[in-house]
Amino acid sequence: MKPARRAPLQHPLAHSFERAINSLSVALHPDTVRHYRGTVRNFLTYLGAEHPRVRRLDQLRREPHILGWLARLRSQTPPLAIGSCINLLIHLRIVLAELAGAEQQPHLDRLLRPEDIPRLPHRLPRPLTAPQDQQLQQELLRRNDLPANAFLLIRHTGMRIGECADLRCDCLHAIGPDQWAIHIPLGKLNTERMVPVDAFVCELIRRLRFFRSLDPLPGDGMLLPRPHSKEALVRRLRDYWHRVCHSVGLLTRVVPHQLRHTYATEMLRSGVSFPAVMKLLGHSSPDMTMHYLDIAVPDLQREFQRAQTQPRHLIPQPKTPGLSLRDGIDGIIQSILVSQHLLEMFRRSLSDDAPRRQLGRLSNRLARIIAMLRKIDPQRK
């Protein structure tokens, strides 16, 4: 049975806001349009309950209407997640800007200000630890059902859970002799991409096709069956994931998105270049991938400690022709210098000043690490 649809919003301003959303929806993903409508419903429901005399756009004011709604959002129980709050404010601000132009009401564009929107705290990626990764993959392989294979696919391709839900049965493409790639359709950033995969991932796709063929739902071309909607499918997958984590006895909370972090971290530590990781993850700007480069400092510290205790420890070979690595601290410094050079070449190819500055700061940090290594090593000439 399909979930009941919400009753149409009853408010004098509902028609005007709906026209604005329809105007914006031409360039938006259907899921984004749905979020815009949810934001408008939230705001107009508050307005109708607390300020019933507001019936025209020219009556809207920052104080008390907008600030009152902001106060309501902040006082919700349980508290509204900061990411959800940011989305609500951004969506309403864009709709008000659209109304300001369409309805010749310029004051609407000034009701919500940039400073009203909180900033997300800077969070480093949270890849799974090696024991967690091993435990979870072993459990998923043991279960070998449709959701287990879906999560193994996410782990070995770095796709988002929503992108996995959108995969089609024909997503696997041959790109050469014994070479395969998965086509990941338009996703969170309205981008699509091809992700190279190995034989294990090809087997996962074959298993998922088999499970799909057993499902009683009529064929719709999708790799994962949707009893009601994509959102319902994603909720089911998340519930399954939490049961898997509980069954292996994980004490810390682990979310599905950490599989993507684990894949990205694995790629970087294996020597995959920064631009290639951007493409694999479907990032639209270097800023997003830069978060994963923050793992470099702890990784280098660990390599430094291992070099002191195991001088013959092998450092991964840089992809630079004619370069041979030395052992110990010299090898680490040489690896960092190669990485610094490649990073600088990529930085110079960017046209956006903000990512160039961020990559410049990262290059300076690597230079300081090199200086520290040269200073700490007492045997270095």
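Predicted model: local features only at pLDDT ≥ 70, side-chain atom pairs only at ≥ 80, totals over all residues.

Reader: Okay, how many helices and strands are in the chain?

Author: The chain has 15 helices and 3 strands. Those are DSSP runs numbered from the N terminus, with helices being H or I of at least four residues and strands E of at least two.

Reader: And what percentage of the residues is buried?

Author: Buried residues account for 43% of the 381 in the chain. Buried means under 20% relative accessible area, exposed is over 50%, and partly exposed is in between, using a 1.4 Å probe and protein chains only.

Reader: What about contacts between residues at least 24 apart?

Author: Take the contacts between residues at least 6 apart in sequence: 60% of them join residues at least 24 apart. Contact here means heavy atoms within 4.5 Å.

Reader: Switching to the strands: what order do they have in the sheet?

Author: The order is β1-β2-β3, in an open sheet with antiparallel pairing. Two strands pair if DSSP finds at least two bridges between them. At the edges are β1 (172-176) and β3 (193-197), each pairing on one side only. On average, neighbouring strands of this sheet are turned by 40 degrees against each other, direction ignored; the axes behind that are lines fitted to C-alpha atoms, for helices over the stretch in contact, and angles run from 0 to 180 degrees between N-to-C directions.

Reader: How many bridges hold β1 to β2?

Author: There are 4 bridges between β1 and β2 (residues 179-184). Across that pairing, L172 faces I182, and G176 faces Q179. The two strands make a hairpin with 2 residues between them, and D178 in the turn has a positive phi of about 55 degrees.

Reader: And which residue in β3 stands opposite I184?

Author: That's R193. β2 and β3 run antiparallel and are joined by 5 bridges.

Reader: New topic, rings. How many aromatic pairs does a search of the whole structure find?

Author: It finds 5. Rings of Phe, Tyr and Trp (its six-membered ring) pair if their centres lie within 6.5 Å; planes under 30 degrees apart count as stacked, over 60 as edge-to-face and the rest as tilted. Ring pairs also link F17, F43 and W69 into a cluster.

Reader: Why do F151 and Y240 count as stacked?

Author: Their ring centres are 6.3 Å apart and their planes are at 10 degrees, so the pair is stacked.

Reader: What else does F151 touch?

Author: Not counting residues up to four places away in sequence, F151 touches L140, I161, L237, Y240, W241, P256 and L259.

Reader: Which residues have the most contacts inside the largest nonpolar core?

Author: L136, F151, L153, L167 and I182, in a core of 46 residues. A nonpolar core is a set of buried Ala, Val, Leu, Ile, Met, Phe, Trp, Tyr and Cys residues joined through side-chain atoms within 4.5 Å. A second, separate core has 33 residues, including L24, Y46, V95 and L112.

Note on methods. Residues numbered from 1 in each chain as written. Heavy atoms only, no water.
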